[in-house]
Each structure stands twice: as C-alpha cells, then as structure tokens.
Amino acid sequence: MVFLKKFEACKKRDREATERKLLRASSSLFAEKGYENTRTLEIAKAAGVNEALIARYFGGKEGLLVAALKDEESIQTVMKSKHACPANGIETLSEAKDFEQALLQFFKLSEDQISQKEQSMRIATSRAFVDTEVAEMVKSRIIEQRNPMIQTAFSEFTKTKKISKDELEGLTMLISASDFILNFMTRRVYQIDSKQIDQAVKVLAEALDLYLKSQPDKDR
C-alpha cells in the first residue's frame with residue numbers, strides 16, 4: 001500500500017512537470033508565432049515530450065490554450081509578445097492631426113492584428129461564456145492592461161480638456177468595446193460587409209471627435 005501511494009505520488013509529480021513543460025513551450029511558441037501558426041508537434045518538441053501527451057493531458061491544442069489562459073506565467077509570456085493585443089504600434093497615434101484621425105488609425109491597426117489572431121480570440125471568447133476563470137482573465141486583461149494602454153495612446157488629445165476621470169474611463173471603454181464589436185464580432189465572426197463596418201467606424205470617429213471638441217479646455 002505504501003509503495004502504491006508513493007508510485008501514485010510520483011506519477012502525479014511527473015504529470016504536473018510535463019504539463020508545466022507543455023505550458024511553457026506552448027506560451028513561448030504562441031507568443032513567437034501566434035496560436036494559429038503553432039503546431040502541436042512543435043510544442044511537444046520544444047517541451048521534450050511525446051506529442052500524444054497534449055491530447056491526453058489537455059484534450060488537444062485548444063485545451064492547451066485554455067490552460068495557458070488560466071496560467072499567470074503563460075499569460076505574461078504571451079502579453080510581452082507582438083501577438084499580445086490588437087493594436088501593435090498604438091504609440092504612433094499621437095502623431096495624428098486630430099482625435100478623429102487617431103481613432104481611425106487605431107481601428108485599422110486593431111483590424112490587422114485581430115486578423116492574425118482570430119482563431120485564438122474565438123476560442124477565448126467562447127470559453128469565457130462557460131468558464132469563469134477564462135472570463136475573469138479576459139476581463140482583467142481588458143480593464144487592467146489594454147484599456148490603460150488605449151487611454152495613454154489618446155492622451156495627447158484629451159490632456160488639454162476638462163474631462164473627469166469617470167468620463168475618460170467611459171470614453172476609453174467605448175473605444176475598446178466598439179473595437180471588439182466592430183473589428184472582431186461584426187467583421188470576423190459575423191462577416192458583415194466591410195464597407196458597412198468602415199462606415200460605422202467613420203461615424204463613431206466623427207461623433208467622438210465632436211464630443212471631445214465640445215469639452216471645455218483646462219485653462220478656461
């Protein structure tokens with residue numbers, strides 16, 4: 001009985017170690033190549049384990065991604081990569097002539113990035129409806145990381161205006177949510193005609209530009 005317990009404990013440790021190797025390898029490859037372009041054989045080779053263990057322990061590549069979404073170390077690896085968030089290059093928005101142009105540039109940057117990571121976004125979004133851990137992860141990445149990044153990117157156009165913290169956060173959330181709905185759900189998932197989406201983005205950019213211009217300057 002003692003031997004059996006030791007054997008089971010050893011087996012459990014081996015599995016945990018293998019799972020950790022696969023998580024590290026997959027997160028590094030997802031960060032380097034993107035989820036869609038990473039094959040399970042590559043992950044297994046990088047982890048130094050048999051490819052069949054991915055299906056046995058995680059149910060396949062999708063299950064491995066879901067596990068990585070719940071693992072903080074894996075998340076940090078992916079967040080540091082060029083595939084981390086839609087809008088790589090967002091720091092250049094401050095060079096736009098006005099808020100409207102900056103917003104149009106932001107949506108275009110995001111559209112290009114989302115097209116590169118559509119499959120992983122589909123998985124994460126669908127899992128968020130049924131898995132509270134994934135939902136919490138997605139929420140925290142939007143609220144704690146992506147939204148502040150967006151707010152900073154547009155700060156050049158808001159810093160001179162008398163806008164309260166709540167209003168600024170509301171403006172940021174509107175941009176973030178509109179980007180997700182228009183560029184991902186409407187454009188990629190529902191595959192609505194691009195001309196309609198582009199027109200919606202243009203109307204939104206014009207409306208938010210007018211809203212911002214209507215706000216009093218700080219020195220008044």
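Modeller: One definition before we start: a residue is buried when its relative accessible area is under 20%, exposed when it is over 50%, and partly exposed in between. Keep in mind that this is a predicted model.

Biologist: What share of the 220 residues in the chain is buried?

Modeller: The cut-off for buried is under 20% relative accessible area. Applied to the 220 residues of the chain, it gives a buried share of 41%.

Biologist: How many helices and how many strands does the chain have?

Modeller: Read the elements from the N terminus: they run α-α-α-α-α-α-α-α-α-α-α. The count is therefore 11 helices and 0 strands.

Biologist: Which residues of helix H2 are buried?

Modeller: Helix H2 covers residues 40-47. It is followed by Gly-48, which has a positive phi near 75°. Within H2, the buried residues are Glu-42, Ile-43, Ala-44 and Ala-47.

Biologist: Glu-42 is in a salt bridge. Which residue is its partner, and how far apart are the closest N and O atoms?

Modeller: Glu-42 itself is buried. Between Lys-33 and Glu-42, the closest N and O atoms are 2.5 Å apart.

Biologist: How many salt bridges does a search of the whole structure find?

Modeller: A pair counts when a side-chain nitrogen of Lys or Arg is within 4 Å of a carboxyl oxygen of Asp or Glu. Searching the whole structure this way finds 19.

Biologist: By about how much of helix H7 are Glu-118 and Arg-122 separated?

Modeller: These two form a salt bridge, with closest N and O atoms 2.8 Å apart. Glu-118 is buried at 16% relative accessible area, while Arg-122 is partly exposed at 33%. Both are in H7, residues 118-128. They are 4 residues apart, so the separation is about one helical turn.

Biologist: Glu-118 also meets Arg-188. How many residues apart in sequence are the parts that this pair ties together?

Modeller: The salt bridge between Arg-188 and Glu-118 is 2.9 Å, N to O. Arg-188 is partly exposed, at 24% relative accessible area. Arg-188 lies in helix H10 and Glu-118 in helix H7, so the parts tied together are 70 residues apart.

Biologist: Which element gives the most residues to the lining of the largest cavity?

Modeller: There is 1 cavity of 30 Å³ or more, and the largest has a volume of about 50 Å³. Its lining is Ile-150, Gln-151, Phe-154, Thr-158, Leu-168, Leu-171, Thr-172 and Ile-175. Helices H8 (132-153) and H10 (165-189) are the elements that give two or more residues. The most, 4 residues, come from H10.

Note on methods:
Residues numbered from 1 in each chain as written. Predicted model: local features only at pLDDT ≥ 70, side-chain atom pairs only at ≥ 80, totals over all residues. Heavy atoms only, no water. 1 Å grid on protein atoms, 1.4 Å probe; cavity = no way out; pocket = protein on both sides within 12 Å on 5 of 7 lines; lining within 4 Å. Points joined across faces, edges and corners; volume = space filled by probe spheres on them. Buried < 20%, exposed > 50% of the residue type's maximum accessible area, 1.4 Å probe, protein only.
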